[in-house]
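Please view the sequence and the structure together while reading.

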Amino acid sequence: MQDHLDDLRFAHVIADTAAATSTERFKKFGRELDTKPDMDVARDAETEVEKLIRGQLQRSRPRDAVLGEGEGLEGTGPRCWVIDAVDGLENFARGVPVWATQISLLELSEGGYRPVVGLVSAPALGRRWWAAKDHGAFTGRNLSSASPLRVSRISALPHASLAYSSLIDWEDQGRLAGLLHLARTVWRTRAYGDFWPYMMVAEGVVDMCADPELSPMEMAANAVIVTEAGGTFTGLDGSAGLLSGSAAASNGLLHDDLLRYLN
């Protein structure tokens, strides 16, 4: 059985290269802003990072397919690397350091493609999270300074911490009432957004989080990291794949409650 650790090490190499470029471009944002954030320039930076990652994959994993937001799907086969070059692009454009490069590897199985490697690199925060299937989840600056991740053991909603995305997104999906009902039930709520709440679920400092609309590129790395940390990751419909268009993550103990309120 393939253990995917070599692929995980390669994902770290990719993340190092991406971080050097994305961090340099990020330094130009959020300084003396007197007009609206320049999303075109931010998207150019995202495209540049994605092209760098694709180049490394084509040289080192030429038989694998690659899926990214910028250039779509290239190649076919039982293995597919999934790239979200800059998750949290609006933060990036405004100079807020909460953004990340997400890198994951999917493999074809009986139920379709499943993530087996995931890495989330947030260089402006000096943080990185990663996991490989059946090898656990970890955080640190790099492989040599890793600490294991484990979800919380909170089992009752009145003691739980909930993270969520933009309220407008929940309203647009017709799910705002359920979210607000849940928010009134739990101990604490915060709108961290993007990749970060999923990493905090894996760390055990947040107990559950959800997004009403999310792409496979935004989900894949988060999914394997949360599950390898002992948590549960599904769509809001309860499906285990990456094609539901939504995401719900928890420590597992609270997952049924999370889905019940949001549906």
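What is the order of the 8 strands in the open sheet? In this predicted model, the order is E2-E1-E3-E4-E5-E6-E7-E8, and the pairing is mixed. The domain assignment of the protein gives domain 1, residues 4-148, and domain 2, residues 157-262.

- The open sheet contains 8 strands with mixed pairing. E2 and strand E8 (147-148) stand at its edges, and each has a single partner strand, so one side of each is left without a neighbour in the sheet.
- Strands of a sheet pair through backbone hydrogen bonds, in either a parallel or an antiparallel manner.

**Pairing of individual strands**

- E1 and E3 run parallel and are joined by 4 bridges. Within this pair, Leu-67 has Val-82 of E3 as its bridge partner.
- E1 also pairs with strand E2 (residues 72-74), in the antiparallel sense and over 3 bridges. Here the bridge partner of Val-66 is Glu-74 in E2.
- E7 and E8 pair in the antiparallel sense, over 2 bridges. Thr-139 stands opposite Ser-147 in E8.

**How the two domains meet**

- The C-alpha centres of domain 1 and domain 2 are 21 Å apart.
- In domain 1, 36 residues are in contact with 19 residues of domain 2.
- About 1,900 Å² of area is buried between domain 1 and domain 2, and carbon and sulfur atoms give 69% of this area.

**Polar and charged links across the interface**

- The count between domain 1 and domain 2 is 1 salt bridge. Glu-203 forms a salt bridge with Arg-127, with the closest N and O atoms 2.4 Å apart.
- Across the interface of domain 1 and domain 2 there are 6 residue pairs in polar contact, with both residues at pLDDT 80 or more.

**The side of domain 1 that touches domain 2**

- Several strands each supply at least two residues of this side: E1 (65-68), E3 (79-87), E4 (100-109), E5 (112-122), E6 (127-132) and E7 (137-139).
- E5 gives the most to this side of domain 1, with 8 residues.
- By residue type, the side of domain 1 that touches domain 2 divides into 20 nonpolar, 9 polar and 7 charged residues.

How values were computed. Residues numbered from 1 in each chain as written. Predicted model: local features only at pLDDT ≥ 70, side-chain atom pairs only at ≥ 80, totals over all residues. Heavy atoms only, no water. Domains from an automatic or database assignment. Contact = heavy atoms within 4.5 Å. Buried area = accessible area lost by both parts, 1.4 Å probe. Salt bridge = Lys/Arg side-chain N within 4 Å of Asp/Glu carboxyl O. Polar contact = N/O pair within 3.5 Å; in protein donor to acceptor, adjacent residues only side chain to side chain. Nonpolar A, V, L, I, M, F, W, Y, C, P; charged D, E, K, R; others polar. Pairing = 2+ DSSP bridges.
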